Amino acid sequence: MNAPVLVLKDSLKRESGTKVHHGNIQASKAVADIIRTTLGPRSMLKMLLDAGGGIVVTNDGNAILRELDVAHPAAKSMIELSRTQDEEVGDGTTSVIVLAGEMLHVAEAFIEKSYHPTVICRAYNKALEDAIAVLDKIAMSIDVNDRATVLGLVKSCIGTKFTSQFGDLIADLAIDATTTVGVDLGQGLREVDIKKYIKVEKVPGGQLEDSKVLKGVMFNKDVVAPGKMKRKIVNPRIILLDCPLEYKKGENQTNAELVREEDWEVLLKLEEEYIENICVQILKFKPDLVITEKGLSDLACHYFSKAGVSAIRRLRKMDNNRIAKACGAVIVNRPDELQESDVGTGAGLFEVKKIGDDFFAFVVDCKEPKACTVLLRGPSKDLLNEVERNLQDAMSVSRNIIKNPKLVPGGGATELTVSATLKQKSATIEGIEKWPYEAAAIAFEAIPRTLAQNCGVNVIRTMTALQGKHANGENAWTGIDGNTGAIADMKESKIWDAYNVKAQTFKTAIEAACMLLRIDDIVSGIKKKQAPGAGPSKPTIETEGDADNEQILPD
């Protein structure tokens with residue numbers, strides 16, 4: 001008589017785990033549905049209201065999800081995915097969410113049939129390995145030095161963005177900037193540090209076509225004494241400092257009691273001599289421009305202007321590093337340790353210009369700049385912000401190509417090829433993992449399906465036609481032209497994706513789906529307020545009868 005009761009308790013226990021899975025999957029799907037419409041070149045834009053009352057208009061997946069305020073922990077971890085993707089490869093932020101959402105959606109059926117999550121995860125990981133193997137097989141190597149090919153790739157990667165209407169402009173800027181700051185590490189490796197050495201300076205006004213990559217850097221500063229110091233110097237000798245050119249204040253509070261008036265004069269003279277001494281040490285090297293990150297006193301300003309030297313003070317550390325990279329100078333901490341080799345002579349021109357209401361200093365025409373500034377002009381702040389977001393993506397794509405020069409087809413062709421190959425492979429898999437593996441293969445079709453939806457074509461017809469073309473495994477490059485919704489050869493249409501981006505998208509999406517499937521309970525770490533006077537609650541102890549008996553998997 002006891003057996004039916006045991007089964008009943010077991011099913012109740014299982015039910016609670018299923019509920020958690022169901023909640024997580026629903027939350028993840030909700031996040032994916034928010035940005036599903038922003039995939040592809042014919043995608044919709046989203047208008048976001050931020051906490052400060054400002055607006056952001058964008059179709060960048062990461063930018064949209066950053067502004068979301070969600071309470072569900074599973075939804076939060078989905079949003080983290082797009083941030084990870086953005087930091088790692090800078091592109092594919094929407095695809096990774098759509099794919100992860102779909103992976104969880106197809107897993108729901110198995111959870112309800114009492115498949116154990118670890119079985120589903122095992123099948124998914126197998127599918128991931130095979131998917132990366134397919135990527136390696138269909139990837140095509142390119143020559144990084146062939147500008148036309150690289151330009152085509154960057155253009156097709158940001159063709160889905162808002163700025164694609166401006167032609168080659170953004171792609172050109174991105175390639176110029178990344179090739180400028182690329183550093184050879186030897187053994188054929190190149191390092192491109194976008195965050196450190198490429199500064200994007202947005203100046204409202206002018207036309208977007210006026211944007212350009214400077215052969216050097218610009219920063220929002222003017223010389224200390226505009227009337228006395230030169231604002232234009234050809235082939236300047238530049239000294240960069242990281243120390244104050246003013247009298248040092250005491251580290252701790254000191255009181256000096258002076259009895260005679262002459263002692264006060266002695267004190268003042270000491271201060272003046274100290275500053276004069278520093279200035280003499282700097283002027284020994286005949287600089288034309290002195291830039292410091294700290295303060296610069298009036299007296300030092302007087303000595304410099306008398307010697308015909310221009311000076312700039314209180315510059316940001318990051319800007320100072322960029323100037324050092326651009327003109328070949330070394331940032332010095334103590335003026336008495338200056339050497340000739342620390343002086344930067346690589347710049348061709350120093351100039352201060354007024355753009356709009358602000359003064360900007362330019363250190364340009366550098367011989368071999370290893371840092372640069374991208375100057376963006378445009379009609380409004382909102383437009384400039386969106387252009388900057390698109391430019392960051394374009395620079396990331398360009399960096400990915402320099403690091404790993406391999407292409408895979410875009411327009412959903414890669415996903416369809418992976419899906420078709422995995423479907424064929426699933427026939428050879430024995431045991432219970434066969435079905436989740438096949439489901440993962442079907443989940444990859446979410447990307448081309450979403451592309452077709454966003455083009456406004458008949459989704460079922462298009463998908464059936466595409467699956468038919470890919471089923472025989474011949475047409476690996478057949479996908480959807482995102483602009484027209486027609487089925488096309490991606491090689492001819494020049495719709496490509498970077499290998500790094502695709503591989504990272506697959507890895508992040510599947511690993512995240514596995515992590516969420518493994519969660520069987522959400523435990524709150526927030527203490528609930530007890531009613532006044534209530535003592536500590538008695539802990540409940542699970543008896544043997546409540547214990548979950550071994551879960552039996554269906555054959």
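Guide: Buried here is under 20%, exposed is over 50%, and partly exposed is in between, with a 1.4 Å probe and protein chains only.

A word on what you're looking at: this is a predicted model, where local features need pLDDT of at least 70 and side-chain atom pairs count only at pLDDT 80 or more, while totals for chains, interfaces and linings use all residues. Residues are numbered from 1 along each chain as its sequence is written, and side-chain values use heavy atoms, with hydrogens and water left out.

Now for the helices, starting with α3 (residues 73–88). The axes of α3 and α4 come within 8 Å and cross at roughly 145°. Axes are lines fitted to C-alpha atoms over the stretch in contact, with angles from 0 to 180 degrees between N-to-C directions; helices (H or I, at least four residues) and strands (E, at least two) are DSSP runs numbered from the N terminus. On the α3 side, Met 78, Leu 81, Ser 82, Gln 85 and Asp 86 do the touching, and they meet Thr 93, Val 96, Ile 97, Ala 100 and Gly 101 of α4. Contact means heavy atoms within 4.5 Å.

Some of those residues turn up again around Asn 62, which lies in helix α2 (residues 61–67). Leaving aside neighbours within four places in sequence, Asn 62 is in contact with Ser 82, Arg 83, Asp 86 and Thr 93. Asn 62 is also well covered, being buried with a relative accessible area of 4%.

Carry on along α4 (residues 93–112) and you reach its packing with α5 (residues 117–138), at an angle of about 140° with the axes 10 Å apart. From α4 come Met 103, Val 106, Ala 107, Phe 110 and Ile 111, and these meet Pro 117, Ile 120 and Tyr 124 in α5. The loop between α4 and α5 holds Ser 114. Its phi is near 65°, a positive value in a residue other than glycine, and Ser 114 is buried at 19% relative accessible area.

Lys 286 is another non-glycine residue with positive phi, near 50°. Lys 286 sits in the loop between α9 (261–283) and β11 (289–292). Is that lysine buried or exposed? At 62% relative accessibility, Lys 286 counts as exposed.

Last stop, Ile 401, in helix α12 (residues 381–403). At 2% relative accessibility, this isoleucine counts as buried. Not counting residues up to four places away in sequence, Ile 401 touches Ile 142, Val 144, Val 150, Leu 153 and Val 154. Take Val 144 as one of that set: Ile 401 and Val 144 are 257 residues apart in sequence, yet 7.1 Å apart in space, C-alpha to C-alpha.
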